[in-house]
Each structure stands twice: as C-alpha cells, then as structure tokens.
Amino acid sequence: MNTRLRMLATGGFLLASVAGLAGAQGTTDGADLTGAGATFPYPIYSKWFADYAAKTGVKINYQSIGSGGGIRQLSEQTVDFGASDAPMSDDEMSKAKGGQVLHFPTVLGAVVLTYNVPEIMRPLRLTGEAVADIFLGQITKWNDAKIAALNPGVKLPASDIIVAHRSDGSGTSYIFTDFLTVVSPAWASGPGKGKDVKWPVGLGGKGNEGVTGIVKQTPGAIGYVELAYAKQNKLPYAQVRNAAGQFVAPTIESVTAAAAGAAKALPPTTDFRVSIVNAPGKEAYPISSFTWILVYANQSDATKGKKLVDFLRWAFNSGEAAASSLDYAPLPASMVSMLDKRLTQVKLGTVGMAK
Amino acid sequence: MTEFAARDAARAGVAASAPTPARPSRSWTEIGSEIGDRVYSWSIVGFASLVPILLLTIFVAVGVAAWPALRTFGFSFVTSSDWDPVAQHFGAAPAIYGTLVSSILALIIATPLALGVAVFLSEFAPPWLRQPVAFTVDLLAAVPSVIYGVWGMYVLVPVLRTHVMPFLRDTLHLGVLPLFSGVAYGPSMFAAGLILAIMCLPYISAVTREVLAAVPRSQREAALALGATRWEVIRDAVIPYARSGIIGGIMLGLGRALGETMAVTMLIGNRHEIAASLFAPGYTMASLIANEFSEATGDLHLSALMAVGFVLLLVTFLVNAAARWLVWQTARER
C-alpha cells in the first residue's frame, strides 16, 4: 500500500509538471501563421503584420531569432515561413523536410562604411578594391596613396587605420563579404564570403551597436554597419564606387536602384536567390542586398498556405510603401509583377507531395 | 514524540496528497508517520540526486553534439588557432587561452582589492561605516553584466586607451615587456580582465568578510595577549585561520570570471589570435559561443561551437576540482 501511495504521489507530480511544460509551450496565442528568422527586417515585418492584422484579422507571429535559426526552423517545419538575409544554399535547400523552398525578396538592405577620422570634412570616397585592401590589412594608413588618389583635395591624416568588423554571425557581414568577394580576387581567395569569416585584421564588435561603439570610440577606425542603423544614429558614411564607375552614397533610392539594375538582368525562371552586390546602373549603390521570406512550394495545410500567399501578395503590392519610412529600401516596381507571378507557384493542400 | 509523528504525518499528507490520517486515532498516526518518513527520505534522495543527474545530462548532451567536430579535428581543435567558418576549419586555442588569461588576470587584480576591503570592513571600519560599504560592495554583484559591458565600452575603454595603457607602456616603461607592448586599441584582453575583476570582486570580498567574522574572538585575544600588534594579529592569527575559506571565495570569483559572457564580449575585441600583449584583442570561449551560435552555418560549425562549450565545461570542472583540492589541503594543514 505504501508503494502504491508513493507511486500515485510521484505520478501525480510528474503529470502536473508535464502539464505545466505543455502549457508553457503554447505561446503562439492563437496566431494564424508563425514565422522565424532574420532580425534585420524585423521592424518592417512587424509593421506589416500589425497593419495586415488590422485590415484582415489574420494574426502573424514572428520571432526574430536570426537568419540561421529561421532556416533551421523552416527546415524542421516548426514554423510556417522563414526569413533570411542570405539565400539558402543548395545544401540547406536539400535538407528542408517540407520539400522545395521558394525565396521571396521583401525589402532591401545595404551595408555602409562608417569611419572616425575627424580630419576628413566631406564624405570619404572608396572603391571596392580599396575597401578590400583595408580589410585585408594591406592598406594600413589613412594617407595611403590608393585612398588619396580617390579623394583629391582631401587632407588625409597619417594615422593608422583600425578595422572594426562584426564578431557575431550576421547577414550584414554576409552582404559585405559578398561584395568584397565580387570586387577583389584577393578577398575571394582569402577570407571569402559568409556570415562569419576569418577576418585578417581588426577588432570584432557584437552587433551594429558593437561595431559603432568601436568606431566612435577609436580615432582612425573604420567599420561597416547596416544602412538603417547608420541613418538612425546619424553616422558618417563613405561613398562607394559602383560598377558604372560612379561614387554613390548609400540612400534608399540608390539601393532600390541597385535592385532595379539587377532585376533587369534576371531570367524569367529565376528563383530570386540572387546577389545584387556591384549591380549595374549609374545610381546603384554597390553593397546592397535583398532580404527574403522563405516559403515551402507545397503547402500541406491549404488554409495556412492561402493565408501566407495572400499576405505576401498584400506585402508586395501595399506593404512596400511603408518601407522607406522605416529606412528600408522598397523593391523596384518592376519586380512586383514578377513576384506576384511567382506566388502562383505555391501549391496549396497537396499533402505528401514533398520533393 | 507523538506530537512530532503527527506533524510529520500532516506534512507527508500535504506533500503526497495522500488521505490525511485522522488526528485522534493513534494507529493512523503511526501509519502516517511511517509513510511520511519514507516519502520524506525518498524525496530528499530524489532532490539530492537531481543535481548530479542534471550535470551529467548536460555533459552528455553537449558531448554528443560536440562529437562530430572533435572527431573531425581531433586534438588540433584545442591547439590550432585557425577558426575559419568559410573553410569549415575550426581550432579553439585562442578562445581557450583567452578564457584562462582573462580570468587569471581578473583574479590577480581582484584578490588583493577584495581582501583589503574585507579586512578593512571586518577589522578596522567603525560600525557606522561597515554596513553602507559592505552593502555597496555587495551591490556590485547585482549589476547586470550587460551594464558592465556598456559602461566598459563607453567609459573604461576610452580611459584605458588614452591614459592607462600609454601610462603603463611608456611612463612606467613596462612596454619593454611583451605583456604591455604594442598598439593600444582599447578593446583588449586587459580591458576584459579589468571588467572581470570588478565583477568577481564582490564575491571574493563577501565570502572573505563572512569567514573573517567567523574567526573566534579567542584567536585574536590570544595573539594580542602575546603582544602582537593589530597588523600582526590579522596577518598571523586571523588570516591563516580563515585561509581555506578565503581560497574558497577566490575560487567562487574565478568561476564567475570563467563563464562571464556579455561584458567580456563587448570589451575583448573578439579576435582569434594568441597575442603576447595584454593590450591586444583576444577571444574567450563563452564569447565565441554567444557570438556565433545563432547564425552558425552548417552542421560542423554548430558542432564546433558545442565542442567549445564542452571544453569550457571541462575547464570549469577542472578548475573547481582543483579549488576543492586546494581548500581541502589548506584545511588539513591547519
């Protein structure tokens, strides 16, 4: 009898704790769709979700856990859609449990070079090669001939260049190293592109704020941050020479121009996993990139699938207008019809049709 | 006796939600007490074994996740300095080195300070000063580490770069030693060690204060009776008596320093390099995991980070075991 009582008590305790755990997991509080991924577009996404919920009543829960986490959760099918600042690799695509994944560009981001050289009065001008050489540790002084040649009439100090980069894995680093890989063979054969790379020189700061902290505190420092962050914090930033040979300041217009230039060259069958760094076009800012929402091509739950497609269509056609108010560059108008067409490829309610 | 039994029974009734035995009935009381004792002893055993089991599961889970990386790189994982996520090659030597050096540096700075504070508070301070100062020092332990990080980044690092580092290197000519040579960027092993020292100081001083307070009056009186000065009393009678407790406090501080993540990440410069100079940037294991875990690309990268976690666990475990041994040794010597 003692044993039975004891078992009963233990069993009850276990049941209670399991119930407690189960209760704690139901945190989606009745959202219609759940997504997870990139932190960079989180402000615009949450505005879209709020506006869309007010208009249609469809609630979307989004966790900004980072691009890598978004891809992992989508692959494990624990969320209805993912979001990433870097396109999925073929390897990642093949591991997704729900079959083929479609990439939908939503807005654009850009990476700007910010610096702390009080002697420089007007915006610094840099080329991709010069930026790569600085981050490779080959240009070490501000008055290096290569920088001086790009900035005639600017009195450059003889001080050391201190490089600041992101220490945490991030889409910002991916876009920046993608650009350096395209413009510099030395970078391509050296560190390469990725969310984390092996930086040849410099100090690592965590997040945009960490890099900004180092740059602001250290005279002679140069670092890279997101355009939106640089604008909101009024950081000085460099003009970068684009593929057409023009020095372009990063602005919402010049970033959208980069996408428009790249979109012209897209084949009709594109899967939108495209890099737009060093894009053609006179006004294009060269260190630009899409950020993507990732959706399974086969939506086993037809109701959810339809809600997702409807939301994306609304975002492309009505949501984009809100982007620039939050310092994101909207997609060029020429791309919206391409994406609308792409949305029709999402198949609804084909259970078990994976792969 | 019966009273105790009844109370136990009532307690057991609550704990196990078994039917509470009727109070006046003697036989029920006895049965209840028997059940109560057993439930009590079993739950105590359960709770006590929960902690080791938890530790073991953490070790096993991290070890299993770390296995692919450890198998791929073998011993070079802890000896190589090449951490390259693009080439998928991982060596954690700089992070291991950074964790140990920053923690040791923190202890070297914090221990004399903490002992000074504790001795002052327990032996010299007038009563009206004792409480406020003790409270303030303890409060250092309550400051969130991200606050230390922000303060370090915007206040400590600029002061270090413009004043402290040039002073140490040029004015004191310590620059002839490799330890204090090179360019002073600001974010560095030195900055990380200093912030860690501030963070583990309250732990060491709080424990030391308590241990000193626990030294019997007779110990002091005996030394005084032999004609010892106040300083001699503390040096020869009080501190030796409290030695094992003080070492325990230092090890508690070391544990804090080894695992600290946020503040260090913001100040150490996050560079995969073993540099001779304390002014150069470095890396720690905890920072490495915090930085790269959320955006790790590929299974091997993730596994390498788990392997770093495994090494960190192992290092912490070894340091604690060594501390235990040291405490035990000093306690036995006395």
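Two strands count as paired if DSSP finds at least two bridges between them, the strands themselves being DSSP runs of E with at least two residues, and helices runs of H or I with at least four, all numbered from the N terminus. This is a predicted model, so local features need pLDDT of at least 70 and side-chain atom pairs count only at pLDDT 80 or more, while totals for chains, interfaces and linings use all residues. Residues are numbered from 1 along each chain as its sequence is written, with chains lettered from A and ligands numbered from 1 in the order in which they are written.

On those terms, chain A has an open sheet of three strands in the order E5-E9-E10, with mixed pairing. Strand E5 (125–126) and strand E10 (247–248) of chain A sit at the edges with a single partner strand each, so one side of each has no neighbour in the sheet. E10(A) runs antiparallel to strand E9 (residues 239–241) of chain A, and two bridges join them. Across from Val240(A) stands Val248(A) in E10(A).

Next comes helix H2 (residues 42–56) of chain A. Its 15 residues reach 20 Å from first C-alpha to last, close to the expected 21 Å (1.5 Å times one less than the number of residues). Buried here (20 or more other C-beta atoms within 10 Å of the residue's own; exposed is 12 or fewer, partly exposed in between, with C-beta atoms placed from the backbone) are Ile44(A), Tyr45(A), Trp48(A), Phe49(A) and Tyr52(A). Down the axis of H2(A), the buried residues fall within an arc of 135°, so they line one face of the helix; the arc is taken over directions from the helix axis to the C-beta atoms. Ala50(A) and Ala54(A), on the other side of H2(A), are exposed. After H2(A) comes Gly57(A), with a positive phi near 85°.

The C-alpha atoms of chain B fill a box of roughly 85 × 65 × 40 Å along the principal axes. Buried residues make up 39% of the 334 in chain B.

As for where the chains meet, the contact (C-beta atoms, placed from the backbone, within 7 Å) takes 30 residues from chain A and 29 residues from chain B. On the chain A side, H1(A) gives the largest share, five residues.

Definitions and conventions. Two residues are in contact if their C-beta atoms, placed from the backbone, lie within 7 Å.
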